[in-house]
Amino acid sequence: MNRHDADPGRPQDQPISRRSVLRGMGAGTFAVGASGLLAACSSGLKGGGPAGASGTINIGFITPLTGLLAGFASGDKYVLSQIQKSSAYTKGIKIGSKTYKVKILVRDSQSSPTVAGQKAQQLITQDHVDMILTTSTPETTSPVTIACEKLHTPCLSTVVPWESWYATLGGNPLKPTTTFKYCAMFFFGLKEFQGCFASMWNRISTNKVVACQYPNDADGNAFRGGFEPLIKASGYTVVDGGPYTDGASNFTSMISLFKNKHAEVFSNCPLPPDFNTFWKQASQQGWKPKLATVAKVLLFPADTVALGPLVNNIATDSWWGPYMPNTSSLTGEGAQALADGYQAATGNQWVQSIGSSYSLFEVAKEAFGQVTDPHDTAEVANALHHVSYTGMCGALNFANGPAPGVAIIDPVGVQWKKSTGQFPFEMQVVDNSLNSAVPVQAKLEPTNA
C-alpha cells in the first residue's frame, strides 16, 4: 500500500476521535488503546505524488495555535521565522549531489484531537509531505502520531511525556520493547519528573507526606498509575485527593483531606484553570504546603497572571530556557539569544516551548541529511530513529532512550520568583540534579514558610 493512500477501512475524511486517542493513554497499567488504529498497510514504500517526483522536501508542522492549549504554541510563529532564516531552510538541504528546497506547511490543531488527526491525514494524503513535526500535549501529538504510523509517514513529536506517546501507539511503557517504524519523539517522562521533583523535596524539611491533585483524565491517570509509585519509591507517603472531573469548581473536600493527613508537599497535573481555583481555595482554607511542585501548569509566564503573589516559589520543571548552555545546530545561536530575540520581537516574556519547537526542525534536518532519497519514507524514518546530535535542546540521542525512537531532555527544577526586570515573575533554576551543565540561579526556598 502506498503511504499516501487512505486506509480502505477508514473513510479519508473520518476524524480520529478523542476517545480513540486517549483510551489507554493515561491508565496506570498503560493499557493498549490505540493499537487497532495501526493495523494493516504494507511496509513503507517511496512516497508517491508530487513530493516523490520533486526537488522539494515538504514538512508539515501541526501545533495548537488557537484554543485552550494555545499557550504552548505562543512562540511557534517566532520560531518559524527564525528557522526559515537559517541556511538549511533558506538555501535547502543537500543530499548527495542534489540540493532540495524545503517547504514548511503549518497547520493549527485548534487544541482539538479530532482536528489534529484531520490535519495530519490531509497533509499526508493531499499535500504529500515527507515528514510531519508536531508539538504540545497529547491532545495534539497523539492523533498526529497515530495517523503518521498508520499511513507510513515519518513523524517527530515533542512536549508530551514519552509514556503517553508510546502508549498511544499501542506500546507498553512498562516493557518498552516494541519499535514503531515511522514515529519518534523527544521530551522526558515520569522518571525525570521524579528526579527533578524528589531532589527538591529532599532539600526542604518536611514530614514526607505528598498531597496529589490528579484529575480523572489521561494525564491525571498516568500520574496516578505511574508517578505515585515513584513518589513512594523516593521514601514519601502518598495522599491521593481522588480523581475529579476536569473543570471542577469546589475542592473543599480534597483540601480537607490534605489538611487532615498533614501533607506538607504538593504534586499535581491539572488543567491550568482548575489549579488556579484549587490553589486560591487552599490558601483561603489554610492549607499551605511547604513545597509545591506542579506539572502541566505554570509552565509559561501567562499562567502566573491569575495567581499573582500566590505563585511565588511554586516549583516546576523546565526543559528549556535562556539559562541552558545550548546552541543551535543550524545557526550557532545560543539559548539566551533565542530568548532575547523572542522578547524583542514580540514584547512578551520568553516561553520554554520555543526551544523544543526549534529543535523539531533541527532533528528533521539531521534526519534528511542522512538519507539518499528524502521521499523514501522508510529510509527517512530509519534515519530519524538514529539521529544523535547536539542542538537547541542539548544532546539528543534517539537510539539510546528509554524506548525505541525516544530521546530524553534532562530537565531542571525551577521556581517562580519575583523579577527585578520588566516582568512580574520569572523562572529561576534552583535544582540541576538531572542537568549539571545548567547553573543554579537562586536558592530553593519553601513555597510557604
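Let me start with Asp-431, whose side chain makes a polar contact of 2.8 Å with the side chain of Arg-203, and a second polar contact, of 3.0 Å, joins the side chains of Asp-431 and Ser-199. Please keep in mind throughout that what we are looking at is a predicted model. Asp-431 belongs to strand β16, which covers residues 425–431, and because its relative accessibility is 4%, under the 20% cut-off, this aspartate counts as buried. If we leave aside the neighbours within four places in sequence, Asp-431 is in contact with Ser-199, Met-200, Arg-203, Val-412 and Gly-413.

Now let us move to Glu-192, which is found in helix α8 and is also buried, with a relative accessible area of 11%. Which residues does Glu-192 touch, once residues up to four places away in sequence are not counted? They are Ile-408, Ile-409, Pro-411 and Leu-434.

If we take the contacts with a separation of 6 or more, 72% of them are between residues 24 or more positions apart.

Next, the loop between α8, residues 190–201, and β7, residues 209–213, where we find Thr-206. The side chain of Thr-206 reaches the backbone nitrogen of Lys-208 at 3.1 Å, and, not counting residues up to four places away in sequence, Thr-206 touches Tyr-236, Glu-264, Val-265 and Lys-290.

Let me turn to the aromatic residues, of which the structure holds 30 pairs. One of them is formed by Tyr-214 and Phe-223, a tilted pair with 5.6 Å centre to centre and 55° between the planes, and both of these residues are buried. Another is the pair of Phe-266 and Phe-278, which is stacked, with 5.2 Å centre to centre and 10° between the planes. Phe-266 lies in strand β9 and Phe-278 in helix α11, so this pair ties together parts that are 12 residues apart in sequence, and both residues are buried. There is also an aromatic cluster, formed by Phe-187, Phe-188, Phe-193, Phe-197, Tyr-214, Phe-223, Phe-227 and Trp-319.

Which residues of α11 are buried? They are Asp-274, Phe-275, Asn-276, Phe-278, Trp-279, Gln-281 and Ala-282. The buried residues of α11 pack against β7, against α10 at 252–260, and against β9 at 265–268 and β10 at 291–294. After the helix comes Gly-286, whose phi is positive, near 85°.

Ser-111 has a positive phi of about 65°; its place is in the loop between β3, residues 98–108, and α5, residues 113–125, and it is buried, with a relative accessible area of 15%. Lys-296 has a positive phi of about 75°, and its place is in the loop between β10 and β11, the latter being residues 315–318.

Finally, a word on the cysteines. How many disulfides does a search of the whole structure find? The search finds 0. Cys-212, for example, is in no disulfide, and the nearest cysteine sulfur, that of Cys-269, is 9.1 Å away, whereas a disulfide would need the two sulfur atoms to be within 2.5 Å. Cys-212 counts as buried because its relative accessibility is 0%, and Cys-196, at 2% relative accessibility, counts as buried too.

Technical notes. Residues are numbered from 1 along each chain as its sequence is written. This is a predicted model: local features need pLDDT of at least 70, side-chain atom pairs count only at pLDDT 80 or more; totals for chains, interfaces and linings use all residues. Side-chain values use heavy atoms; hydrogens and water are left out. Buried means under 20% relative accessible area, exposed over 50%, partly exposed in between (1.4 Å probe, protein chains only). Helices (H or I, at least four residues) and strands (E, at least two) are DSSP runs, numbered from the N terminus. A polar contact is a pair of N or O atoms within 3.5 Å; within protein, one must be able to donate a hydrogen and the other to accept it, and residues adjacent in sequence count only if both atoms are side-chain atoms. Contact means heavy atoms within 4.5 Å. Rings of Phe, Tyr and Trp (its six-membered ring) pair if their centres lie within 6.5 Å; planes under 30 degrees apart count as stacked, over 60 as edge-to-face and the rest as tilted.
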